[in-house]
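Subject: The structure I promised

Hi,

Have it open while you read.

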Amino acid sequence: MTISTVSFEQHLGESAKRTEALLASLLSGNCLPDEISRPAPLLAAMRHGTLDGGKRLRPFLVQESSALLGGDPQVAARVGCALECVHCYSLIHDDLPSMDNDDTRRGRPTVHRAFDEASAILAGDSLLTYAFDIIAAPETRLADRQKIQLVLSLSRASGMGGMAGGQSLDLAAENSAPDEAEIQTLQAMKTGALLRFACEAGAIIAGADMEDRQRLRTFGQKIGLAYQLADDLLDLKADAATMGKATGKDAARGKATLVALKGADWAEERLSALTEEAIGLLAYFGSRATTLQQTARFIAERKS
């Protein structure tokens, strides 16, 4: 492990701690204006599915993309937490028996196992809704036009044309034989859309021009594809203790992945190519983009 890699992982870890602290504050028992009550059992399920785990990669991307273009770090931290709420909602629902039927997540019982299925559904619903509350709230000090752009972009990334639609395609693919293009589409929706938003959100927060916004959006698309390839390779090769969740399930369930379709060697070559393409997209920014470029390498080379 090189010094630069150690330094990057320390930076990522420190960012995760700050995100964790802000999420814990946002998910406290204190009611916001116009909230009537925060039921303790529901809040406990939300906190179980959100706190105490994860690399917080998506908030990190929001913060680093914003920093690259001179955005407000406090705003980026809140928007990153909003995105993490959407991501955690998706994990809670994906783990349900009617979806991927997983018993562990981040080394702990999934929400429906620690509580019950109804609590897991409501926790996910509440996190999804709360994400847009966080963006729209007065504490997120952005112009209304920027908040509207963020809400629209996150809605498109997380809804039927993005993450939720991708999950639908993924479930349907268990009973079909999608080709390479169809697998890429479902993965770009299920996994890539939120990572694309994370990078584009930084440009929106910073009030960047459309050219820079498109650069970061395309970077996010590339690392989204890379992330899914790396995840599928880990499901094939890593052990459950390292991953903090069950592995080998993709093959057991006949899931549609590019690794299954094209083979591990092809996937590793494609992963390397995507990483270099992503890094090259940010060469325009010079050394200011070093952290984001390191993030692309981290996504490709991660072990869990």
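This is a predicted model: local features need pLDDT of at least 70, side-chain atom pairs count only at pLDDT 80 or more; totals for chains, interfaces and linings use all residues.

**α3 and α4**

Let's begin with helix α3, residues 57-68, and its partner α4. Their axes come within 8 Å and cross at roughly 150°. That angle is over the cut-off of 145, so α3 and α4 are roughly antiparallel to each other. The crossing of this pair is right-handed. On the α3 side you'll find Arg58, Pro59, Val62, Gln63 and Ser66, and these meet Ala76, Ala77, Val79, Gly80, Leu83, Glu84 and His87 in α4. Sorted by class, the contact of α3 with α4 has six nonpolar, four polar and two charged residues.

**α8 and α9**

Next come helix α8 (residues 163-173) and α9, packed at an angle of about 145° with their axes 7 Å apart. Here α8 passes α9 in a left-handed crossing. From α8, the contact uses Met163, Gly165, Gly166, Gln167, Leu169, Asp170 and Ala173. From α9, Leu186, Met189, Lys190, Ala193 and Leu194 take part. The contact of α8 with α9 divides into seven nonpolar, three polar and two charged residues.

**α10 and α14**

Then there is helix α10 (residues 210-237) with helix α14 (residues 264-281). The two axes come within 9 Å and cross at roughly 155°, so α10 and α14 are roughly antiparallel to each other. As for handedness, α10 passes α14 in a left-handed crossing. The α10 residues in this contact are Arg215, Thr218, Phe219, Lys222, Ile223, Leu225, Ala226, Leu229, Ala230, Leu233, Leu236 and Lys237. Facing them from α14 are Ala264, Trp266, Ala267, Glu268, Arg270, Leu271, Leu274, Glu277, Ala278 and Leu281. For the contact of α10 with α14, the tally is 15 nonpolar, one polar and six charged.

**The cavities**

How many cavities of 30 Å³ or more does the structure hold? There are two.

The largest cavity contains about 100 Å³ of space. Its lining is made of His48, Gly49, Thr50, Leu91, Ile92, Asp95, Arg105, Arg106, Arg108, Pro109, Thr110 and Val111. Three elements each supply at least two residues of that lining: α2 (40-50), α4 (73-94) and β2 (108-109). Of these, α2 gives the most, with three residues. By class, the lining of the largest cavity splits into four nonpolar, four polar and four charged residues.

The second largest cavity has a volume of about 60 Å³. Around it sit Gln184, Gln187, Leu225, Leu229, Leu258, Trp266, Arg270 and Leu274. The elements giving two or more residues to this lining are α9 (180-206), α10 and α14. Which element gives the largest share of the lining of the second largest cavity? That is α14, with three residues. The class count for this lining is five nonpolar, two polar and one charged.

One link to look at on screen: Leu225, Leu229, Trp266, Arg270 and Leu274 are among the residues lining the second largest cavity, and these residues also belong to the contact between α10 and α14.

Cheers

Conventions
Residues are numbered from 1 along each chain as its sequence is written. Side-chain values use heavy atoms; hydrogens and water are left out. Axes are lines fitted to C-alpha atoms, for helices over the stretch in contact, and angles run from 0 to 180 degrees between N-to-C directions. Helices (H or I, at least four residues) and strands (E, at least two) are DSSP runs, numbered from the N terminus. Angles under 35 degrees count as roughly parallel, over 145 as roughly antiparallel, 65 to 115 as roughly perpendicular and the rest as oblique. A crossing is left-handed if the near helix is turned anticlockwise from the far one by less than a right angle, and right-handed if clockwise. Contact means heavy atoms within 4.5 Å. Ala, Val, Leu, Ile, Met, Phe, Trp, Tyr, Cys and Pro count as nonpolar, Asp, Glu, Lys and Arg as charged, and the others, Gly among them, as polar. On a 1 Å grid over the protein atoms alone, a cavity is a set of points where a 1.4 Å probe fits but cannot get out, and a pocket is an open set with protein on both sides within 12 Å along at least five of seven lines; lining residues have an atom within 4 Å of a point. Grid points are joined across faces, edges and corners, and a volume is the space filled by probe spheres set on the points.
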